[in-house]
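I opened this notebook to record what I looked up in one model. The entries cover a loop, the cores and the salt bridges.

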Amino acid sequence: MSASTRRRAECDLEILYGRPNWPDRSIRLLRQLDVFPVCSPRIMNGPDPVRKVDDLFKHVLIDEPEGSHWREFMVAHGKDPVLINKTLRFDDFNHGIVAAREGLGVAIGDDLTTANDLTTGRLVRPLPAMVSRQSLAYYLVFAPNLSISGPVAAFIDWLTRNIQRNQMD
């Protein structure tokens, strides 16, 4: 039994991030994300601040192992991702955000997981440019035969309300 299969056998509900490819599960969209560059204020106050998308090529771009976040961003803004020559890649999204906070480069953030860092000034958005993701999102995933009892229904309603409220803030 794989860790994923074991985890699914032990829980009623999961919150998963990704593209909805869970054929043996029922899926409910929780939140789509807008993604955008984020960096430490030190980068913006340094010798090469990011003022336009082309300026990103001067910096280390922090991404996941396959580099797909920056590739998607560059293509969406009419830029050739092959021109990306300095990267720092992490398996864990949170490690990449920590690296961006520390001024090691520019990461792709989103309106949910980097909201607190942006509010407190630990990270800044150097550009208004963003990409609205269509299928890569947060989903509530559960067994198709799950009986949605009172407590489970209450939790789903609470979760949905809070995520929607945070999206409007």
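I took contact to mean heavy atoms within 4.5 Å. This is a predicted model, in which local features need pLDDT of at least 70 and side-chain atom pairs count only at pLDDT 80 or more, while totals for chains, interfaces and linings use all residues. Residues are numbered from 1 along each chain as its sequence is written, and side-chain values use heavy atoms, with hydrogens and water left out.

**Loop between α5 and β6.** I looked up Leu-123 and found it in the loop between α5 (115–120) and β6 (131–142), where helices (H or I, at least four residues) and strands (E, at least two) are DSSP runs numbered from the N terminus. Leu-123 is buried, at a relative accessible area of 1%; buried means under 20%, exposed over 50%, and partly exposed in between, with a 1.4 Å probe and protein chains only. Leaving aside neighbours within four places in sequence, I noted that Leu-123 is in contact with residues including Val-38, Ile-97, Arg-101, Asp-117 and Leu-118. Pro-126 lies in the loop between α5 and β6 and also counts as buried, at 12% relative accessibility. Not counting residues up to four places away in sequence, Pro-126 touches Pro-37, Val-38, Cys-39, Met-44 and Val-50. From Pro-126 to Val-53 the C-alpha distance is 9.4 Å, although the two are 73 residues apart in sequence.

**Cores.** I used nonpolar core for a set of buried Ala, Val, Leu, Ile, Met, Phe, Trp, Tyr and Cys residues joined through side-chain atoms within 4.5 Å. The largest one has 18 residues, and Val-53, Leu-56, Trp-70 and Phe-73 are among those with the most contacts inside it. Two or more residues each come from α2 (41–44), α3 (68–76) and β5 (106–110), and α3 gives the most, with three. Another core, of 11 residues, lies apart from it and includes Leu-33 and Tyr-138.

Arg-31 is in strand β2 (residues 26–38) and Asp-111 in the loop between β5 and α5, so the pair ties together parts that are 80 residues apart in sequence. Arg-31 is buried at 2% relative accessibility, whereas Asp-111 is partly exposed at 23%. Arg-101 forms a salt bridge with Asp-117, with the closest N and O atoms 3.0 Å apart.

Note on methods
Salt bridge = Lys/Arg side-chain N within 4 Å of Asp/Glu carboxyl O.
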